[in-house]
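This report describes a single protein chain, moving from individual residues to the chain as a whole. The sequence and structure are shown first.

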Amino acid sequence: MSLIFRKSVVLILDGLGDLPSPALHGQTPLEAARTPVLDRLARSGLHGLVDPESPGRVANTHTGCGTLMGVPPSVVSRLKRGPVEASGVGRVLKPGEIAVRANFATLAEQAGSLVVKDRRAGRICEGTEDLAAALQGLDLGDGISADLLSTDQHRCVLVLSGPGLDPRVSDTDPGDSGGPGPVRTCRAKAAEADLAARKINRFVEIAWQRLAGHPVNRQRIEAGLLPANGVITRGAGVGLALENSVRDQGIRAAMVAGCNTVIGLARALNFDVLSDARFSADANTDLNGKVSTALEALERHDLVYIHIKAPDIFAHDHQPDQKSAFLERVDEALETLAQAGVIIALSADHSTDSNTGAHTADPVPALLYDPLTEGATERPPVNFGESACAAGTMPRQDGHQFLSQVLELMTKDTPRMN
């Protein structure tokens with residue numbers, strides 16, 4: 001006996017949640033945006049606030065998306081970014097290897113120390129494969145070798161191979177909240193990780209030496225762009241073996257995305273990945289193409305995810321007005337989906353504050369729309385956003401509970417087949 005699942009689409013708007021902005025007259029970017037489609041879906045369905053992981057916990061893309069993709073809370077709290085990024089570029093980690101998420105960054109030498117001037121090297125999007133090629137097959141000593149693999153834009157992944165490596169190390173990336181400041185020294189969090197920490201520090205030194213005069217960076221400086229003359233690291237971990245509540249129920253799932261992190265999660269969870277040259281992890285992504293691809297995929301899948309990265313990018317770059325304008329573009333693209341007669345769920349992996357450019361622990365706006373119940377109850381208009389969701393029709397819950405609602409709705413009133 002098997003279930004026939006109702007077709008569903010889950011939209012993950014990366015960094016959707018935000019805080020009131022003076023530039024938007026005290027509204028959040030979502031509240032300031034004109035979003036008639038989302039307003040209609042929220043009014044006809046349920047809307048409320050979701051804590052991506054748990055109340056008070058600051059989530060990241062890989063953990064917040066992981067929860068919405070069915071990774072259990074006990075597992076997602078231990079999930080590391082490095083192995084996810086490696087999965088995204090098809091790098092399967094061997095026993096003993098560790099992977100570390102990395103950024104190409106703009107560094108400068110001050111008083112004998114390396115200082116981070118820009119964590120994303122001006123959001124470099126060209127020449128990164130050439131930069132990474134200069135940092136592959138490095139011999140770090142003690143039998144340890146290093147490979148740097150470019151993923152998308154400034155993002156990359158460092159893979160260390162050799163005996164005695166342990167991933168329990170600190171980050172060299174100071175993070176958005178750290179502001180311009182020194183590259184942090186990688187430190188062991190356990191005695192067994194001393195070797196890995198020393199080799200990551202050595203890699204950061206070599207990257208600075210090799211990238212400072214790289215042709216790509218000479219060209220960038222001549223063009224008035226920030227050089228990608230260093231690498232900073234975070235989120236070290238080992239190979240992935242993830243439990244998944246979506247797959248365990250026999251649901252055929254797919255992910256439409258252009259972001260390597262999310263693609264890596266989907267591959268690790270054995271979801272079909274539907275990517276395209278038109279889909280990017282930036283504002284130039286083809287929103288209509290993502291929606292049409294998702295609708296086509298529903299012919300072969302029960303549940304299709306659509307990930308959209310740009311809201312997070314605008315917030316990181318302190319551009320609440322651009323974030324708001326982009327959300328209006330998203331709303332326009334969703335009209336076709338809203339007419340498709342499928343279950344629609346919308347949430348986010350985390351909140352990103354446009355004022356500070358950092359992730360926060362604030363809950364995210366979410367909605368759940370069931371076409372079978374549309375019009376069943378007369379409800380007042382909804383301006384879908386943080387304030388409306390705080391007083392919404394859906395109780396505040398975590399990302400795992402929100403996904404459980406979606407999965408329950410998918411099996412509601414559906415027959416079983418032999």
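Leaving aside its neighbours within four places in sequence, with which residues is Asp166 in contact?

## Asp166 and its surroundings

Asp166 is in contact with Ile98, Glu192, Ala193 and Ala196, once its neighbours within four places in sequence are left aside; contact means heavy atoms within 4.5 Å. The residue is found in the loop between E8 and strand E9 (181–182), where helices (H or I, at least four residues) and strands (E, at least two) are DSSP runs, numbered from the N terminus. Asp166 has a relative accessible area of 13% and is therefore buried. The classes are buried (under 20% relative accessible area), exposed (over 50%) and partly exposed (in between), with a 1.4 Å probe and protein chains only. The side chains of Asp166 and Arg168 are joined by a polar contact of 2.9 Å. A polar contact is a pair of N or O atoms within 3.5 Å; within protein, one must be able to donate a hydrogen and the other to accept it, and residues adjacent in sequence count only if both atoms are side-chain atoms.

## Basis of the description

The model is predicted: local features need pLDDT of at least 70, side-chain atom pairs count only at pLDDT 80 or more, and totals for chains, interfaces and linings use all residues. Residues are numbered from 1 along each chain as its sequence is written, and side-chain values use heavy atoms, with hydrogens and water left out.

Lys323 lies in helix H13 (residues 320–333). With a relative accessible area of 0%, Lys323 is buried. A polar atom of its side chain lies 3.4 Å from the backbone oxygen of Gly17. Not counting residues up to four places away in sequence, Lys323 touches Gly15, Leu16, Gly17, Asp18, Pro29, Pro311, Phe314, Ala315, Thr352 and Ser354.

Asp321 is also found in helix H13. Its relative accessible area is 45%, so Asp321 is partly exposed. From C-alpha to C-alpha, Asp321 and Ala33 are 8.9 Å apart in space, although 288 residues apart in sequence.

## Arg34

Arg34 occupies the loop between helix H1 (29–32) and helix H2 (36–44). This residue is exposed, its relative accessible area being 62%. Beyond its neighbours within four places in sequence, Arg34 is in contact with Glu328 and Asp331. The C-alpha atoms of Arg34 and Asn383 are separated by 8.7 Å, while the two residues are 349 residues apart along the chain.

## Helix H5

Why is helix H5 (residues 81–88) described as largely enclosed by the rest of the structure? Eight of its eight residues are buried, so the helix is largely enclosed. The buried residues are Arg81, Gly82, Pro83, Val84, Glu85, Ala86, Ser87 and Gly88. The elements that cover them include helix H3 (61–68), strand E4 (98–110), strand E8 (155–161), strand E10 (230–237) and helix H10 (260–268). After H5 comes Gly90, with a positive phi near 75 degrees.

Most residues other than glycine have a negative phi. Arg123 has a positive phi, near 55 degrees, and lies in the loop between strand E5 (113–118) and helix H6 (128–133). At 14% relative accessibility, Arg123 counts as buried.

Asn270 has a positive phi as well, near 65 degrees. Asn270 lies in the loop between H10 and strand E12 (272–274). Asn270 is exposed, with a relative accessible area of 60%.

## The chain as a whole

The protein chain has 16 helices and 19 strands. Its radius of gyration is 22 Å, close to the 22 Å that the globule rule gives for 418 residues, so the chain is as compact as a globular protein of that length. The radius is taken over C-alpha atoms, and the globule rule is 2.2 Å times the number of residues to the power 0.38. The C-alpha trace spans about 65 × 55 × 35 Å along its principal axes.

Of the 418 residues in the chain, 58% are buried. Among contacts with a separation of 6 or more, 73% are made by residues 24 or more positions apart. The accessible surface comes to about 16700 Å², and 48% of it belongs to carbon and sulfur atoms; accessible areas come from the Shrake-Rupley method with a 1.4 Å probe, and for residues only the protein chains shown count as cover.
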